[in-house]
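Here is a short briefing for someone meeting this structure for the first time. It covers confidence, strands, the core and a few individual residues.

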Amino acid sequence: MSTPAWFKQPMLASPAIVEKLKYPLFASVKLDGIRATVFDRTLWSRKLKRIPSLWANQTFGDLPDGFDGELIAGAPFGDGVFNRSTSAAMSSDGAGMGFYVFDRATGMSYGYDVRRPSAMKISGKVWDGQEPPYVEVCD
């Protein structure tokens, strides 16, 4: 089990100089969960370490390789999101998370394929190739 050799680390957000932005732009809300990317039926952290939650790996590991997003326990906004999500994702018995997918690493130039700007929430179901009812597009 490992990530592909071409995959070094997920891209991270960076500060923008608003005056220099060129429109139209793709943007998404900042989610404060645990970053995870699917490769080889395993969820990997931003630092390319295996996510310890057995539940998360069993639930989301069947998603297509390269799905990249945030694991979030409970509501995605409000107080305590990061702490709840860290506790669930980083415990071997952690459960009950949603996986908010916002990108797919594909090995193309720059490593990412941004054809779908909306985030997708995949909750507790194994990806079956169909969007509804397992994927909720979060605009």
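**Confidence**

pLDDT, the predictor's confidence in each residue from 0 to 100, stays under 50 over residues 109-118. For that stretch the model has 31 contacts beyond four places in sequence, a contact being heavy atoms within 4.5 Å. This is a predicted model, where local features need pLDDT of at least 70, side-chain atom pairs count only at pLDDT 80 or more, and totals for chains, interfaces and linings use all residues. Residues are numbered from 1 along each chain as its sequence is written, and side-chain values use heavy atoms, with hydrogens and water left out.

- Residues 124-137 also have pLDDT under 50. The model has 30 contacts beyond four places in sequence for them.
- Where pLDDT is low, the predicted coordinates should not be read in detail.
- The chain averages a pLDDT of 77. Of its residues, 73% score at least 70.
- Confidence is highest in helix H2 (residues 81-89), at a mean of 96. It is lowest in strand E6 (residues 135-138), at a mean of 48.
- Helices (H or I, at least four residues) and strands (E, at least two) are DSSP runs, numbered from the N terminus.

**Strand pairing**

- Two strands pair if DSSP finds at least two bridges between them.
- E1 and E3 pair in the antiparallel sense, over 4 bridges. Arg35 stands opposite Glu70 in E3.
- E3 also pairs with E4 in the antiparallel sense, over 7 bridges. Ile72 has Gly98 in E4 as its bridge partner.
- E3 is mostly covered, with 7 of its 7 residues buried. Buried means under 20% relative accessible area, exposed means over 50%, and partly exposed lies in between (1.4 Å probe, protein chains only).

**The nonpolar core**

- A nonpolar core is a set of buried Ala, Val, Leu, Ile, Met, Phe, Trp, Tyr and Cys residues joined through side-chain atoms within 4.5 Å.
- The largest one here has 16 residues. Leu43, Ile51, Phe60, Leu71, Met97 and Phe99 have the most contacts inside it.
- Two or more residues come from each of strand E1 (34-39), helix H1 (54-60), strand E3 (67-73), H2 and strand E4 (97-104).
- In soluble globular proteins, nonpolar side chains tend to be buried together.

**A buried aspartate**

- Asp68 is found in strand E3. This residue is buried, with a relative accessible area of 0%.
- The side chain of Asp68 makes a polar contact with the side chain of Thr37, at 3.0 Å. A polar contact is a pair of N or O atoms within 3.5 Å; within protein, one must be able to donate a hydrogen and the other to accept it, and residues adjacent in sequence count only if both atoms are side-chain atoms.

**Backbone details**

- Most residues other than glycine have a negative phi, and most peptide bonds are trans.
- Asp40 has a positive phi, near 55 degrees. It sits in the loop between E1 and strand E2 (42-44). Asp40 is partly exposed, at 41% relative accessible area.
- Leu48 has a positive phi of about 65 degrees. It sits in the loop between E2 and H1. Leu48 is partly exposed, at 25%.
- Tyr23 and Pro24 are joined by a cis peptide bond, with omega about 5 degrees. Pro24 lies in the segment before E1.

**A glycine in a loop**

- Gly80 lies in the loop between E3 and H2. It is partly exposed, with a relative accessible area of 36%.
- Gly80 and Gly33 are 47 residues apart along the chain. Their C-alpha atoms are separated by 10.0 Å.
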